[in-house]
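Okay, thanks for coming, everyone. Let me put the thing up on the screen and then we'll walk through it together.

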Amino acid sequence: MRLTVALALLLCGAAPSALAEERASRARVSANGLYSVRSVDVGVGKCRLEVLKESGPLWTADVCVGTVDDLYFASNDGEKVWVLYPLVEKGKPPPTRGKKKPKGSSLAWARVMVAAQFDRTGQKLQERRLTELMTTKQLSEVRQLAHHLKWLEGTLGIPGKGPRLTDAGVLEFEPVGVQTQRLTF
């Protein structure tokens, strides 16, 4: 009887983790309609970036390049992926040894990566920081939460057009208070 109860408790404790479902980001289609891309969370600290074609996977990389809540865009050849991070953790000022703050440390919160491009191996090819997309004056439009930033129109309750791919395969988006930005594959 004790063995049965112990076995039942063990199975109940192990079952939730064993039966946990994968979570996936919204799949987005390339501009030419041939490929789609998504990120799949397969467990704690384990992710998979997938580029699919209609007949099945084109390639997968076992790498975490974002979360399922980030936005993924595939190139027209299916070889590269841009990731936009609409909710990012604030940057921290560099450590100081004296009482004097380094020049520009008040903007450390904005020096965060908000976009990155990856290849089929999950290798980062290029990245964009918020300070590269916005001027110091425009940064006042960014929605600052306690530990995170919301910077991208059309996402997370910020009005505006959401990020999109043009027919030419160019990723277009609007940071808050800024004209359209473009990223090419």
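I'll go through the core, the aromatic pair, the disulfide, the salt bridges and a surface patch.

Quick ground rules before that. This is a predicted model, so to speak of its local features we need pLDDT of at least 70, side-chain atom pairs count only at pLDDT 80 or more, and totals for chains, interfaces and linings use all residues. Residues are numbered from 1 along each chain as its sequence is written, and side-chain values use heavy atoms, with hydrogens and water left out.

A nonpolar core here is a set of buried Ala, Val, Leu, Ile, Met, Phe, Trp, Tyr and Cys residues joined through side-chain atoms within 4.5 Å. Buried means under 20% relative accessible area, exposed is over 50%, and partly exposed is in between, with a 1.4 Å probe and protein chains only. The largest such core has 39 residues, and L84, L130, V142 and W151 have the most contacts inside it. Among the elements giving two or more residues to this core are β3 (35-43), β4 (46-53), α2 (130-133) and β14 (171-173). Helices (H or I, at least four residues) and strands (E, at least two) are DSSP runs, numbered from the N terminus.

How many aromatic pairs does a search of the whole structure find? One. The rings of W151 and F173 have their centres 5.9 Å apart and their planes at 85°, so we call the pair edge-to-face. The rule is that rings of Phe, Tyr and Trp (its six-membered ring) pair if their centres lie within 6.5 Å; planes under 30 degrees apart are stacked, over 60 edge-to-face, and the rest tilted. W151 sits in the loop between β12 and β13, F173 in strand β14, 22 residues apart. W151 is buried, at 0% relative accessible area, and F173 is buried at 0% as well.

Next, the disulfide, meaning two cysteine sulfur atoms within 2.5 Å. The whole-structure search gives one: C47 to C64, with S to S at 2.1 Å. The link of C47 and C64 is right-handed, with 90° about the S-S bond. C47 is in strand β4 and C64 in the loop between β5 and β6, so the pair ties together parts 17 residues apart in sequence. Which end is buried and which partly exposed? C47 is buried, at 13%, while C64 is partly exposed, at 40%.

Salt bridges: a side-chain nitrogen of Lys or Arg within 4 Å of a carboxyl oxygen of Asp or Glu. By that rule we get 10. E22, R38, R48 and E50 are linked in a network of them. Inside it, R48 meets E50 at 2.6 Å, N to O, and E22 bridges to R48 at 3.4 Å. R48 is buried, at 18%, and so is E50, at 7%, whereas E22 is partly exposed, at 47%.

Last stop, the surface. L87, L145 and L156 make a nonpolar patch of about 240 Å². Patch residues have over 30% relative accessible area and no salt bridge; like charges are joined within 9 Å, nonpolar side chains (Val, Leu, Ile, Met, Phe, Trp, Tyr) within 5 Å. Areas are Shrake-Rupley with a 1.4 Å probe, and for residues only the protein chains shown count as cover. L156 is in the loop between β12 (148-150) and β13 (164-165), partly exposed at 40%.
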